[in-house]
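The entries below follow the order in which I looked things up.

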Amino acid sequence: MTLVSTSFPTGRLVLAGTPLGRVSDASPGLGDALATADVIAAEDTRRLHRLTTDLGIHPTGSVVSYYESVEQSRIPRLLERMREGATVVLVTDAGMPSVSDPGYRLVAAAAEAGIDITSVPGPSAVITALALSGLPSDRFCFEGFPPRKPGERARAFTQLATETRTMVFFESVHRLGECLQAMAEAFGADRPAALCRELTKTYEEVRRGTLAELVAGAETVRGEVTLVVAGAPAGTVAVDESDLAAAVAELVAAGASRRDAVDVVAGRVGLPRRTVYAAATRPAPPTATDPRSTRRTR
């Protein structure tokens, strides 16, 4: 347990949530925090200026940039200011700090230093998209941005293929089509999902459908995107490899190509395509009459 030291006059760290889009979503508490802060650490000082102007606020404290590349180097000086009694308010471009945005390292450092940490709660793209998606929200997990490299992304999705909780992702619109295609291959083309873009902004839109349907319209999407994907169907983990192989073989015997058969079975059981393919193409274990199973004796 970390206790706040009273050996010197400590200030505090305030994590302040900023609007995702509409300035009217800003709370009175955010305005007060920005107006009275001794230091404002902002992910983008230009956006901060626009926000304070729209809110009619004139900060009296100093403003420092606090984005990913300078995050670590800014921490010592910010801690020093807080130890001297200053209130430091941390804001990001939109939403709550530390959620796929700068903040985590500063929070950890402040906690380790025994400095008081509080928040001015604000909007969150994760919770907003989850609520709008129409997918189960009683249990969910946030996975942030998927890996950019195709191989790493495919492996990450394969590991999540049997996750039964609803999953929330952030993604760049420039990689959206590739990401959705990889999800369809790993989770199954029929997996329900929701594509939420420009949340709380003028062109807010929520597209609900299967991953295959979202892939088909990905090229027309613009703006900031949050993806919500349904969890794996109950019982997905219990599927036996031999059953998968038998299901694929049955479809092939009926005239389907192996590729199509794998796609059908993967969608049916909610497993990634590569898992079903691996089960269908795995060599059968040698039998007692198989020459490869006997050892030569002298």
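Entry 1, terms. I call a residue buried under 20% relative accessible area, exposed over 50%, and partly exposed in between, using a 1.4 Å probe and protein chains only.

I looked up Cys 196 and found it buried, at 1% relative accessibility. Cys 179 is buried as well, with a relative accessible area of 0%. I then searched the whole structure for disulfides (cysteine sulfur atoms within 2.5 Å of each other). The search gave 0 disulfides.

Residues are numbered from 1 along each chain as its sequence is written, and side-chain values use heavy atoms, with hydrogens and water left out.

I checked pLDDT, the predictor's confidence in each residue, from 0 to 100. The protein has a mean pLDDT of 88, and 90% of its residues reach 70 or more. Residues 4-8 have pLDDT below 50, and beyond near neighbours in sequence I found 6 contacts for this stretch in the model. A contact means heavy atoms within 4.5 Å. Over residues 288-298 the pLDDT also stays under 50, and the model has 4 contacts there beyond four places in sequence. I wrote a reminder that where pLDDT is low, the predicted coordinates should not be read in detail.

Rings of Phe, Tyr and Trp (its six-membered ring) pair if their centres lie within 6.5 Å; planes under 30 degrees apart count as stacked, over 60 as edge-to-face and the rest as tilted. I found 4 aromatic pairs in the structure. In one of them, Phe 142 and Phe 170 have ring centres 5.0 Å apart and planes at 65°, so I logged the pair as edge-to-face. Phe 142 sits in strand E6 (residues 140-144) and Phe 170 in strand E7 (residues 166-171), so the pair links distant parts of the chain, 28 residues apart. Helices (H or I, at least four residues) and strands (E, at least two) are DSSP runs, numbered from the N terminus.

Is Phe 142 buried, exposed or partly exposed? Phe 142 is partly exposed, at 30% relative accessible area, whereas Phe 170 is buried at 12%. Ring pairs join Phe 142, Phe 145 and Phe 170 into a cluster.

Entry 6, another pair. Phe 157 and Phe 169 are edge-to-face, 5.8 Å centre to centre with 85° between the planes. Phe 157 is buried at 1% relative accessibility, and Phe 169 is buried at 2%.

Terms used: Predicted model: local features only at pLDDT ≥ 70, side-chain atom pairs only at ≥ 80, totals over all residues.
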